[in-house]
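This report describes how parts of a chain are arranged. Please look over the structure shown below before reading on.

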Amino acid sequence: MARACGQWMARAGADLLAEADLLTPVPLHWRRLFMRRYNQALLLARHVTRATEGPIELVPDLLRRRRWTGSQAGLAASERRHNVSKAFEVHPRWTGKLKGKVVVLVDDVLTTGATAEACARPLLAAGARRVDVLTLARVVRPAL
């Protein structure tokens, strides 16, 4: 299913991808990866890259999760932001190589944007010109 979803994401995000230099998934903490055995964002990112025309580079290790954050399920937006605050960092091997780059961050679901924001901050601080986010799904909450 990741292949079909990645192809769909590539079509939907064609304008973003056409301007991108690097594509990276939201990283999992090593413990979550060990338990799950796969990173759904990485699976999607691989298929997005394959379905994209143009020289976009998939960089699976651009970001790393510095600490365990647990599940975001059931948390309010402010709690989600606090939970992932400073949880991500640019991998040292990429420090200094981001200057002026346009990065597309891939994730499976965007709920409040807290994770995307927490990932974008270190990328921008490391010199990325822009960080765009491409997700498979967006959670929409009903109006009260």
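In what sense do strand E1 and strand E5 pair, and over how many bridges? Strand E1 (residues 22–25) and strand E5 (residues 102–110) pair in the parallel sense, over four bridges. Strands pair if DSSP finds at least two bridges between them. Helices (H or I, at least four residues) and strands (E, at least two) are DSSP runs, numbered from the N terminus.

This is a predicted model, in which local features need pLDDT of at least 70 and side-chain atom pairs count only at pLDDT 80 or more, while totals for chains, interfaces and linings use all residues. Residues are numbered from 1 along each chain as its sequence is written, and side-chain values use heavy atoms, with hydrogens and water left out.

**The sheet**

The order E2-E1-E5-E6 makes up an open sheet of four strands with parallel pairing. Its edge strands, each pairing on one side only, are strand E2 (57–58) and E6. E1 is joined to E2 by two bridges, and E5 to strand E6 (residues 130–138) by eight. Some bridge partners are listed here.

| Residue | Bridge partner |
|---|---|
| Leu-22 | Glu-57 in E2 |
| Thr-24 | Leu-105 in E5 |
| Val-103 | Val-131 in E6 |
| Leu-110 | Arg-138 in E6 |

Between E5 and E6 the chain passes through helix H6 (residues 114–125), and this β-α-β crossover is right-handed; that is, with the strands pointing away from the viewer, the path from the first strand over the helix to the second runs clockwise.

**The helices**

Helix H1 (residues 2–12) and helix H4 (residues 40–51) pack at an angle of about 55°, and their axes are 7 Å apart. Axes are lines fitted to C-alpha atoms, for helices over the stretch in contact, and angles run from 0 to 180 degrees between N-to-C directions. H1 and H4 are therefore oblique to each other, as angles under 35 degrees count as roughly parallel, over 145 as roughly antiparallel, 65 to 115 as roughly perpendicular and the rest as oblique.

Residues of H1 including Ala-2, Cys-5 and Met-9 take part in the meeting with H4, where Leu-43, Leu-44 and Val-48 are among the residues met. Contact means heavy atoms within 4.5 Å.
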